[in-house]
Every structure is written in structure tokens, then in C-alpha cells.
Amino acid sequence: MIYRKATIKDIPLIQVVRNSVKENQLSNPTLIPNELAEEFITVRGTGFVCEIDDTIVGFSIVDFIENNVWALFLLPEYEGKGIGKKLHQLILDEYFSKTQKTIWLSTKQILEQNYFTKNRAGKTQDFTERK
């Protein structure tokens, strides 16, 4: 398992991962064209990928302009293995190395369910913001 910064060459496989998810599916895959993904990993922010056997199985992208986690997705068969947690931590570390502004993460499910989860210390944390 290799974690590394995302590059423009990764975008086609990032799109495969993005369009394979079961939750937070795009109503139309063309809503996120390759050019937009490129802008987010080269201009607006940065991204990370997780590779297993030369295949991208997950990715995360942070947006420094809007101060949010723009994307965090895994191939469904790799969920529950700690990959998403590691990708999340990588973008948070990158983000907070550049700014101390609040970062936002939201999805349709989080907003609809007022979703809370427990962090490693066992405290309930609202992941729609981090201060």
C-alpha cells in the first residue's frame, strides 16, 4: 500500500474511483470533468492517492481556496480498511501546514443526517468542521 501526492496522470483512475462509489454518487459523471479535477490538485489545492498493486483504490483532495475537503473516495471493496482515515489525515496535515483556518467537510448524507462520529480519543466530533 502506497500513499503519495496525486498527479495529473492520476486523474483518469481518480475518476474511476469517484464514479464507483455507492454513497454520494454523482447524478451525472460529467459534472466533474478531468479539467476540474486537475484544477483542484494543481491550482486550488492538492490531493493524495492510495495505490495497491499499481491501482489507485482511493483518493482525497483538499481545496485551500474554499477551505474544504473537496473529495475523499474509495473503491467500495477497500472500505473499512483504514485507507480513508489515512487519506483524510494526509489532507488535514497538508492543509494545517499551510493555514489554521477552519476546514469544512460536507456531503449530502452528513447534512441530511446531522452526522457525527467518534474520533480516536472517543469524543464525539462533528466532522463538518475542524478548528
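These legends accompany close-up views of a predicted model.

**View 1. The protein chain as a whole, with four helices and eight strands.**
Along the sequence, the elements follow the pattern β-α-α-β-β-β-α-β-α-β-β-β. The chain has 131 residues, of which 40% count as buried. Its accessible surface comes to about 8,000 Å². Carbon and sulfur atoms account for 50% of that surface. Among contacts between residues at least 6 apart in sequence, 56% join residues at least 24 apart.

**View 2. Confidence along the predicted chain.**
The mean pLDDT of the protein chain is 80. A value of 70 or more is reached by 73% of its residues. Over residues 109-131, the pLDDT is below 50. Beyond near neighbours in sequence, this stretch has 31 contacts in the model.

**View 3. The largest nonpolar core, with 30 residues.**
Phe 59, Ile 83, Leu 87 and Ile 103 have the most contacts inside this core. At least two core residues come from each of helix H1 (11-18), helix H2 (34-44), strand S2 (45-52), strand S3 (55-63), strand S4 (68-74) and helix H3 (83-96). H3 gives the largest share, seven residues. In soluble globular proteins, nonpolar side chains tend to be buried together.

**View 4. The buried and exposed sides of helix H2.**
Ala 37, Phe 40, Ile 41 and Arg 44 are buried in H2. Seen down the helix axis, the buried residues of H2 fall within an arc of 130°, so they line one face of the helix. An α-helix has 3.6 residues a turn, so residues three or four places apart point the same way. Glu 35 and Val 43 are exposed on the other side of H2. The cover over the buried residues of H2 includes H1, S2, S3 and S4.

**View 5. Strand S3 and its pairing with S2.**
Eight of the nine residues of S3 are buried, so the strand is largely enclosed by the rest of the structure. S2 and S3 run antiparallel and are joined by eight bridges. Across this pairing, Glu 51 stands opposite Ile 56 in S3. The two strands form a hairpin, with two residues between them. In the turn, Asp 53 has a positive phi of about 50°.

**View 6. Strand S3 and its pairing with S4.**
Six bridges join S3 to S4. These strands also run antiparallel. Ser 60 stands opposite Leu 72 in S4. S3 and S4 form a hairpin with four residues between them. Asn 67, in the turn, has a positive phi of about 55°.

Leu 72 is partly exposed, with a relative accessible area of 28%. That value lies between the limits for buried, under 20%, and exposed, over 50%. Leaving aside neighbours within four places in sequence, Leu 72 is in contact with Phe 59, Ser 60, Gly 84, Leu 87 and His 88. Phe 59 and Leu 87 are among the residues with the most contacts inside the largest nonpolar core. Ser 60 is the residue that stands opposite Leu 72. His 88 lies 16 residues from Leu 72 along the chain. The C-alpha atoms of Leu 72 and His 88 are separated by 7.2 Å.

Key: Residues are numbered from 1 along each chain as its sequence is written. Side-chain values use heavy atoms; hydrogens and water are left out. A nonpolar core is a set of buried Ala, Val, Leu, Ile, Met, Phe, Trp, Tyr and Cys residues joined through side-chain atoms within 4.5 Å. Buried means under 20% relative accessible area, exposed over 50%, partly exposed in between (1.4 Å probe, protein chains only). The arc is that of the directions from the helix axis to the C-beta atoms. Contact means heavy atoms within 4.5 Å. Two strands pair if DSSP finds at least two bridges between them. pLDDT is the predictor's confidence in each residue, from 0 to 100. Accessible areas come from the Shrake-Rupley method with a 1.4 Å probe; for residues, only the protein chains shown count as cover.
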